[in-house]
Amino acid sequence: MGLLAWLGLKQGDSFPNLDALLKELRAALPEDEAVVLRYIATVIVLLGKVACVDGRFTDKEDALLRELLTHVDGLAPSGVDAVCNALHGKLPALQEEEVDRCYRELKALCNASERVEVVRLLIRLAAADGAPTAAERAEIQSIAQELGVSLVDIEPDLSGRAGDEGSPPASPGAPRDPGDGSQG
């Protein structure tokens with residue numbers, strides 16, 4: 001095992017599903033820095049996990065994901081389609097190590113308030129097709145715990161009114177985020 005693999009930075013086959021998503025993002029946003037692409041990919045993966053946890057990825061969830069992606073500066077409609085297609089095909093195959101990598105990335109890239117906004121975005125997606133299911137709530141609680149986010153202050157959002165509002169996550173020092181550009 002090389003030093004990069006030991007540090008969790010090995011390229012290639014170590015994270016095949018994340019690498020496929022990053023490849024689509026690099027093709028769609030060739031001018032963006034790697035840190036921005038990793039941030040976007042990580043948030044997309046977590047959104048996809050919440051959307052798929054109940055065994056269905058509804059049209060309303062897909063529409064909200066696509067809407068959020070349209071707010072990423074420079075991401076053309078073809079790029080939105082490519083990212084969504086990569087996500088649909090790769091989510092069920094995500095390895096535990098890849099999900100752990102997503103948690104590490106968000107903890108490294110985002111401060112506490114930004115991580116809260118990511119969790120709020122997950123709640124918003126879960127509520128896109130009605131009140132979050134028990135499986136979606138459990139997944140959000142698990143993700144929040146992994147990210148070090150207390151649900152005490154945002155618990156009302158998790159009970160089902162999150163579809164009304166929800167600010168997207170603030171991008172850590174990046175010029176864009178997968179939301180509407182507002183800061184949290």
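The model is predicted, so local features need pLDDT of at least 70 and side-chain atom pairs count only at pLDDT 80 or more, while totals for chains, interfaces and linings use all residues. Residues are numbered from 1 along each chain as its sequence is written, and side-chain values use heavy atoms, with hydrogens and water left out.

Student: What does the secondary structure of the protein chain come to?

Tutor: Helices (H or I, at least four residues) and strands (E, at least two) are DSSP runs, numbered from the N terminus. Read along the sequence, the pattern is α-α-α-α-α-α-α-α-α. That comes to nine helices and zero strands.

Student: How much of the protein chain do buried residues make up?

Tutor: Buried means under 20% relative accessible area, exposed over 50%, and partly exposed in between (1.4 Å probe, protein chains only). Out of the 184 residues in the protein chain, the buried share is 47%.

Student: Where around H4 do its buried residues sit?

Tutor: The buried residues of H4 are Glu61, Asp62, Leu64, Leu65, Leu68 and Leu69. They cover an arc of only 165 degrees around the axis (taken from the directions from the helix axis to the C-beta atoms), which puts them on the same side of H4. An α-helix has 3.6 residues a turn, so residues three or four places apart point the same way.

Student: Are H3 and H8 roughly parallel or roughly antiparallel to each other?

Tutor: Axes are lines fitted to C-alpha atoms, for helices over the stretch in contact, and angles run from 0 to 180 degrees between N-to-C directions. The axes of H3 and H8 come within 8 Å and cross at roughly 150 degrees. Angles under 35 degrees count as roughly parallel, over 145 as roughly antiparallel, 65 to 115 as roughly perpendicular and the rest as oblique. H3 and H8 are therefore roughly antiparallel.

Student: Which residues in H8 does H3 meet?

Tutor: Contact means heavy atoms within 4.5 Å. From H3, the residues taking part are Leu46, Lys49, Val50 and Ala51. Their partners in H8 are Glu136, Glu139, Ile140, Ile143 and Leu147.

Student: Is Glu139 buried or exposed?

Tutor: Glu139 lies in helix H8. Leaving aside neighbours within four places in sequence, Glu139 is in contact with Lys49, Val50 and Val53. At 14% relative accessibility, Glu139 counts as buried.

Student: Which helices do the buried residues of H6 pack against?

Tutor: H6 (residues 96-109) has 14 residues and reaches 20 Å from its first C-alpha to its last. Its buried residues include Val99, Cys102, Tyr103 and Leu106. The buried residues of H6 pack against H2 (16-28), H3, H7 and H8 (134-147).

Student: How far apart in space are Leu37 and Leu22, C-alpha to C-alpha?

Tutor: Leu37 lies in helix H3, and at 3% relative accessibility Leu37 counts as buried. Leaving aside neighbours within four places in sequence, its contacts include Leu22 and Leu25. Leu37 and Leu22 are 15 residues apart in sequence, and their C-alpha atoms are apart in space by 6.8 Å.

Technical notes. The expected span of a helix is 1.5 Å times one less than its number of residues.
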